Amino acid sequence: MKALVLYYSRTGTTEKLARRISKQFNADLVKMNQQNDQYVLKTVDLSDYDLVFVGFPMMFRGMPDYVMHYLSSCDFRGVTVVPFATFAIAGLDWVDRVLSEVCHGANVELSYNHGVLKRDDWYKWLYEVNRRYYTD
Ligand SMILES: Cc1cc2nc3c(=O)[nH]c(=O)nc-3n(C[C@H](O)[C@H](O)[C@H](O)COP(=O)(O)O)c2cc1C
């Protein structure tokens, strides 16, 4: 199982979580870097990966435009996407659905939501990811 953690972060919260996930699953780590010129967007090649953890902070009640632009420029065929999202207050029940639309060709499941006041159970999520992808 070759895994990648692909994330965007403005103030470091999502980055911290991304590093934690990368360490946990021995996964490569790539940050979606915002560039000044949107026409020279250079995305990561996903063809080597089976599993991609995709992380972003919620902004203005949704996914940041840049993240949407980046993800929709990638080829996710044959890849399983496990989203992780950070936010302040509001819960995220739309993450899997939106990522299924944006990540063309991906199978999206098992998202992890990490809010300030409310977050999914980390160990339960780890158990599920391990059970589903890391046991033969
Ligand atoms: C411009 C902006 C808009 C935000 N909008 C929301 C929002 O609509 N709902 C919410 O719960 N949190 C919102 N937040 C809080 C961030 O989602 C939260 O702080 C997140 O963990 C930041 O991640 P980062 O440190 O990786 O950038 C917003 C933060 C910023 C800077």
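**Close-up 1. Histidine 104 and the residues around it.** In this predicted model, histidine 104 touches Ser72, Asp75 and Phe76, leaving aside residues up to four places away in sequence. You'll find histidine 104 in the loop between H3 and S5.

**Close-up 2. Helix H3 and its buried residues.** Pick out Val95, Leu99 and Val102, which are buried in H3. Seen down the axis of H3, these buried residues fall within an arc of 65°, so they line one face of the helix. What do they pack against? The buried residues of H3 pack against S3, H2, S4, S5 and S6.

Close-up 3. Valine 95 lies in helix H3. Why does valine 95 count as buried? Because it has 21 other C-beta atoms within 10 Å, and the cut-off for buried is 20 or more. Its contacts are Pro83, Ala85, Ser111 and Asn113, again leaving out residues up to four places away in sequence.

**Close-up 4. Helix H2 and the side it buries.** Which residues of H2 are buried? They are Val67, Tyr70 and Leu71. Those residues cover an arc of only 95° around the axis, which puts them on the same side of H2. The buried residues of H2 pack against S3 and H3.

**Close-up 5. Strand S4 and its partners.** Seven of the eight residues of S4 are buried, so the strand is largely enclosed by the rest of the structure. S3 and S4 pair in the parallel sense over seven bridges, and valine 54 has proline 83 in S4 as its bridge partner. S4 also pairs with S6, again in the parallel sense, over four bridges. In that pairing, look for phenylalanine 84 opposite tyrosine 112 in S6.

**Close-up 6. The alternating side chains of S6.** In a regular strand, side chains alternate between the two faces of the sheet. Strand S6 covers residues 112-115, and its side chains do alternate.

**Close-up 7. The largest nonpolar core.** Nonpolar side chains in soluble globular proteins tend to be buried together. The largest nonpolar core here has 39 residues, and Val5, Ile21, Val52, Phe53, Val81 and Cys103 touch the most other members. Strands S1 (3-7), S3 (51-57) and S4 (80-87), along with helices H1 (13-25), H2 (65-72) and H3 (95-102), each supply at least two residues of this core. Zoom in on phenylalanine 53: beyond residues up to four places away in sequence, phenylalanine 53 touches Ala3, Val5, Ile21, Ala27, Val82 and Phe84.

**Close-up 8. The shell around the ligand.** How many residues surround the ligand? There are 17, and the closest are Ser9, Thr13, Thr14, Pro57 and Thr86. H1 and S4 each supply at least two residues of this shell, with the largest share, three residues, coming from H1. Sorted by class, the shell has eight nonpolar, six polar and three charged residues.

**Close-up 9. Two loop residues with positive phi.** Phenylalanine 60 has a positive phi of about 50° although it is not a glycine. Phenylalanine 60 sits in the loop between S3 and H2, and it counts as exposed because it has 7 C-beta neighbours inside 10 Å. Leucine 110, also not a glycine, has a positive phi near 60°. Look for leucine 110 in the loop between strand S5 (107-108) and S6. Leucine 110 has 17 other C-beta atoms within 10 Å, so it is partly exposed.

Conventions. Residues numbered from 1 in each chain as written. Predicted model: local features only at pLDDT ≥ 70, side-chain atom pairs only at ≥ 80, totals over all residues. Core = buried A, V, L, I, M, F, W, Y, C linked by C-beta atoms within 7 Å. Buried ≥ 20, exposed ≤ 12 C-beta atoms within 10 Å, placed from the backbone. Contact = placed C-beta atoms within 7 Å. Near = placed C-beta within 6 Å. Nonpolar A, V, L, I, M, F, W, Y, C, P; charged D, E, K, R; others polar. Pairing = 2+ DSSP bridges. Arc of directions from axis to C-beta.
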